[in-house]
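Have the viewer open and follow along as we go.

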Amino acid sequence: MVEKYFIFWIVQAFILLLGVAVGHSFILFRLRREENRKRELELTLLERRTDVLRQGRRVAQDLEDALYRAKVQQEIDDIIRKDRI
């Protein structure tokens, strides 16, 4: 009789350990999935950041070119006005 209870408790212990192991694996799986999502978001952010920086530089350069052209045009207009006077 005692042998049956002993085997029963050993089986119960193994079932408990199996449950703990499966739960632990499941939690690790979810944590790794979240870390992978975080890494993907960071990579996406870095890619977009470089694109935004490139676009910002291009816009700054275009603005600088436009200001230069406007200044040159203004000087040309000033020279033309002085010649008319």
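Start with F8, which is partly exposed at a relative accessible area of 43%. In the wording used here, buried means under 20% relative accessible area, exposed means over 50%, and partly exposed is what lies in between, with a 1.4 Å probe and protein chains only. W9 counts as exposed, at 58% relative accessibility. Before going further, a word on where these values come from: this is a predicted model, in which local features need pLDDT of at least 70 and side-chain atom pairs count only at pLDDT 80 or more, while totals for chains, interfaces and linings use all residues. Residues are numbered from 1 along each chain as its sequence is written, and side-chain values use heavy atoms, with hydrogens and water left out.

How many aromatic pairs does the structure hold? There is 1 aromatic pair. The ring centres of F8 and W9 are 5.5 Å apart and the planes meet at 70°, so this pair is edge-to-face. The rule behind that label pairs rings of Phe, Tyr and Trp (its six-membered ring) if their centres lie within 6.5 Å; planes under 30 degrees apart count as stacked, over 60 as edge-to-face, and the rest as tilted.

Helices (H or I, at least four residues) and strands (E, at least two) are DSSP runs, numbered from the N terminus.

Next come the salt bridges, of which there are 3, each defined as a side-chain nitrogen of Lys or Arg within 4 Å of a carboxyl oxygen of Asp or Glu. E34 and R37 meet with N to O at 3.3 Å, and being 3 residues apart in helix α1, they are separated by about one helical turn. E34 is partly exposed at 43% relative accessibility, and R37 is partly exposed at 44%.

Further along, R54 forms a salt bridge with D51, the closest N and O atoms being 3.3 Å apart. These two are also 3 residues apart in helix α1, about one helical turn. R54 counts as exposed at 53%, whereas D51 is partly exposed at 36%.

The side chains of R81 and D78 form a salt bridge with an N to O distance of 3.8 Å. Both lie in helix α1, 3 residues apart, about one turn of the helix. R81 counts as exposed at 54%, and D78 is partly exposed at 32%.

Finally, step back to the whole protein. Its secondary structure comes to 1 helix and 0 strands. The radius of gyration is 36 Å, well over the 12 Å that the globule rule gives for 85 residues, so the protein is more spread out than a compact globule. That radius is taken over C-alpha atoms, and the globule rule is 2.2 Å times the number of residues to the power 0.38. Along the principal axes, the C-alpha atoms fill a box of roughly 125 × 10 × 5 Å. Buried residues make up 0% of the 85 residues.
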